[in-house]
Amino acid sequence: MDLIHPHAKHDVADAVREAAAHGTRLLVVGGRTHMDRGNPSGVDAELWTTMMDEVVAYQPAEMLAVVEAGMRVGDLQVVLGEGGQEWPVDAPHDATVGGVIAAGASSFRRLRLGHVRDTVVELELVRGDGLLVKSGARTVKNVTGYDVHRLATGSLGTLGVIVQVALKLRPLPVVRRMLAIEGDGLELGRRVLETVPLPSAVIAESGRVRVWLEGWADEVEEQTAAVRTVGPALTVDHHPAPFDPLAIDAPTVVEAAVAPSRIAGVVAGRDGWTALLGVGLVWFALNGNDPDALDAIRADVAEVGGIAPVIKGSGGLGAGAIPAVDVHRRLKESFDPAGIMAPGRGWGGL
């Protein structure tokens, strides 16, 4: 397989344009940390973005950073940390900025911080025909046109190559804390959500709930006191590590997305689940290649209107019907008329 290592935007545009002319199918590669997301895609070449890894502009006072898409998340966070700021995604350090956005991989702190798409204020994309397009703006008052930057988030490299982004940042919290309470994780988590103001994450398992807190010292102390009214915290971690679903100790991890009120029904009678309460994500750990278990999870999730893609291991997105498939198809044809960008990797086999 051919490997393409562009050094600049125009190199990407030239490479994609040539690939389109010859029908060469491309897979965009960054840090390879989210490669299991999406369906298997037969390609002829990999286009790596990792040589495009510069900070284009960083304005701490504006809480904005413009970076090339191949920059490693860990390197970016070091730069931002010197300014007392962060890009709140909690992705693996080796992941690239463009890869995180293309995968639509949000922080486990999404309950408080929102989806990764909300941090992307401007994005440059080389379409599947080699045309460079820009969407969004670094200042809200200058935003016009279609939200291509939101469309590209989670597109899995099927519409084009993300080459540069402007990111909205946030201050690093003064205090972080994680508390764990043993018991019925779903019930304890429900009470935490009712009692604790603005937790960063409430993660339930069958035998415990973990609560991540962050902010100013007084704020976190108030939150901690509220957590203790729910139950005695047997574990208090004052320097908690981020939760990473890719680090779940299982060869296959399924990420189900359902309405938060449907989580209890989806996990009932199952082992090996971890739920992000208030958001509606449930991760299922499957030991080995067990298509029957995966199919059963997907059937139950689909019954309540959710989706259950595999994010680690084999299994892809699943064969279930997706809403507005004709819209997906027209978008794919518009952005990638030659059909060379990771064909079949996206939802609906697009």
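First, the ground rules. The model is predicted, so local features need pLDDT of at least 70, side-chain atom pairs count only at pLDDT 80 or more, and totals for chains, interfaces and linings use all residues. Residues are numbered from 1 along each chain as its sequence is written, and side-chain values use heavy atoms, with hydrogens and water left out. Helices (H or I, at least four residues) and strands (E, at least two) are DSSP runs, numbered from the N terminus.

Start with the sheet of five strands. It is open, and the order is S4-S5-S9-S7-S8. The pairing is antiparallel; two strands pair if DSSP finds at least two bridges between them. Strand S4 (55–59) and strand S8 (132–136) are the edges, and each pairs on one side only. From one strand to the next, the twist averages 15°. Angles here run from 0 to 180 degrees between N-to-C directions, with axes fitted as lines to C-alpha atoms, for helices over the stretch in contact. Inside this sheet, five bridges join S5 (64–68) to S9 (160–168). Ala65 has Leu167 of S9 as its bridge partner. Helix H1 (9–22) lies across S7, S8 and S9, at about 40° to S7. Contact means heavy atoms within 4.5 Å.

Now the sheet of eight strands. This one is open too, with antiparallel pairing, in the order S14-S11-S13-S12-S16-S17-S15-S18. S14 (235–237) and S18 (310–312) stand at the edges with a single partner strand each, so one side of each has no neighbour in the sheet. Neighbouring strands are turned by 20° against each other on average, direction ignored. S15 (252–257) and S17 (281–286) pair over six bridges. Among those partners, Ala256 goes with Val282. Helix H7 (217–230) lies across S11, S13 and S14, at about 160° to S13.

Last, helix H9, residues 291–303. What does H9 pack against? Its buried residues pack against S15, helix H8 (263–267), S17 and S18. In H9, Leu294, Ile297, Arg298 and Val301 are buried, meaning under 20% relative accessible area, with exposed over 50% and partly exposed in between (1.4 Å probe, protein chains only). These four cover an arc of only 95° around the axis, so they sit on the same side of H9. The arc is that of the directions from the helix axis to the C-beta atoms. On the other side, Asp292 and Glu303 are exposed. After H9 comes Gly305, with a positive phi near 80°.
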